Amino acid sequence: MYKKRVLSEQQQMNRLIKTIALLWCITKIWSYKTWVTDRLYPVIPPVDFLKYVPDFMHVFLFGFSVVALLALLFVKVSRLLLILLFLSELLSCSLDTVRWQPWEYMYLCFLLIVIINFRKPKHIIMLGHLFLVSVYFFSGLHKLSRGFLSSIWMNMVLTDFFGLSMEVILNTSSILSDC
């Protein structure tokens with residue numbers, strides 16, 4: 001009745017790359033103000049000589065990135081296209097520190113994994129899993145610090161969101177510690 005089809009490692013890799021390219025393209029288009037200079041907040045280059053890069057270069061790099069991501073969706077994945085996308089993203093991020101977002105790092109790291117292991121699809125899938133596990137593990141590990149507990153949990157969640165007073169928080173914590 002139902003015949004399960006098993007994908008080869010190459011097909012799995014291609015689907016993974018196309019999925020990542022689609023999500024990255026959506027993210028880039030959604031945050032387009034970050035990638036162009038026509039915005040309310042200033043462009044902040046990491047070094048002074050990059051202040052003089054013309055505005056059209058920012059727009060060109062953004063456009064090239066979106067076109068390359070769309071090309072990855074519709075044409076056969078090539079290593080050259082992946083390398084060009086990686087270099088254009090690095091150049092674009094080097095023009096403005098506002099573009100140094102965690103999601104951009106994640107996409108760039110995954111892209112680097114694919115470029116380095118292009119001929120080894122099994123390695124790409126394994127390293128992709130390892131990369132995602134390490135991101136979630138270390139982001140969870142970060143939440144074990146005292147700074148997270150005091151600034152995020154106590155101030156933002158308990159006080160600002162739930163509206164609890166410091167007295168209620170301290171009384172509840174002392175009751176829980178007695179148990």
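Biologist: In which helix is Trp 35 found?

Modeller: Trp 35 is found in helix α2, residues 32-35. Helices here are DSSP runs of H or I with at least four residues, strands are runs of E with at least two, and they are numbered from the N terminus. This is a predicted model, in which local features need pLDDT of at least 70 and side-chain atom pairs count only at pLDDT 80 or more, while totals for chains, interfaces and linings use all residues. Residues are numbered from 1 along each chain as its sequence is written, and side-chain values use heavy atoms, with hydrogens and water left out.

Biologist: Why is Trp 35 called buried?

Modeller: Buried means under 20% relative accessible area, exposed means over 50%, and partly exposed lies in between (1.4 Å probe, protein chains only). Trp 35 has a relative accessible area of 0%, so Trp 35 is buried.

Biologist: What does Trp 35 touch, not counting residues up to four places away in sequence?

Modeller: Contact means heavy atoms within 4.5 Å. On that basis Trp 35 touches Lys 28, His 58, Phe 62, Glu 89, Ser 92, Cys 93, Arg 99, Trp 103 and Glu 104, with residues up to four places away in sequence not counted. One of these, Cys 93, is 58 residues from Trp 35 in sequence, yet their C-alpha atoms are 8.6 Å apart in space.

Biologist: Why does Cys 25 count as buried?

Modeller: The relative accessibility of Cys 25 is 4%, so Cys 25 counts as buried. Cys 25 is found in helix α1. Setting aside neighbours within four places in sequence, Cys 25 is in contact with Val 66, Leu 69 and Leu 70. Cys 25 and Leu 69 are 44 residues apart in sequence, but 5.9 Å apart from C-alpha to C-alpha.

Biologist: Why are α3 and α4 called roughly antiparallel?

Modeller: Axes are lines fitted to C-alpha atoms, for helices over the stretch in contact, and angles run from 0 to 180 degrees between N-to-C directions. Angles under 35 degrees count as roughly parallel, over 145 as roughly antiparallel, 65 to 115 as roughly perpendicular, and the rest as oblique. The axes of α3 (residues 55-74) and α4 (residues 79-94) cross at roughly 150 degrees and come within 10 Å. Therefore α3 and α4 are roughly antiparallel to each other.

Biologist: Which hand does the crossing of α3 and α4 have?

Modeller: The crossing of α3 and α4 is left-handed. That word applies if the near helix is turned anticlockwise from the far one by less than a right angle, and right-handed applies if clockwise.

Biologist: What makes up the contact of α3 with α4?

Modeller: Residues of α3 including Leu 61, Phe 64 and Leu 72 meet residues of α4, among them Leu 81, Leu 85 and Ser 88. The residues of this contact divide into 12 nonpolar, 3 polar and 1 charged. Ala, Val, Leu, Ile, Met, Phe, Trp, Tyr, Cys and Pro count as nonpolar, Asp, Glu, Lys and Arg as charged, and the others, Gly among them, as polar.

Biologist: How do you know that α5 and α6 are roughly antiparallel?

Modeller: The axes of α5 and α6 (residues 121-142) cross at roughly 155 degrees and come within 9 Å. So α5 and α6 are roughly antiparallel to each other. Their crossing is right-handed. The residues of the contact of α5 with α6 divide into 10 nonpolar, 1 polar and no charged.

Biologist: Why are α1 and α5 called roughly antiparallel?

Modeller: α1 and α5 pack at about 155 degrees, with their axes 11 Å apart. They are therefore roughly antiparallel to each other. The crossing of α1 and α5 is left-handed.

Biologist: How many residues has the largest nonpolar core?

Modeller: A nonpolar core is a set of buried Ala, Val, Leu, Ile, Met, Phe, Trp, Tyr and Cys residues joined through side-chain atoms within 4.5 Å. The largest one has 26 residues, and Trp 24, Leu 69 and Leu 111 are among those with the most contacts inside it. Helices α1 (9-30), α3, α4 and α5 (102-116) each supply at least two residues of this core.
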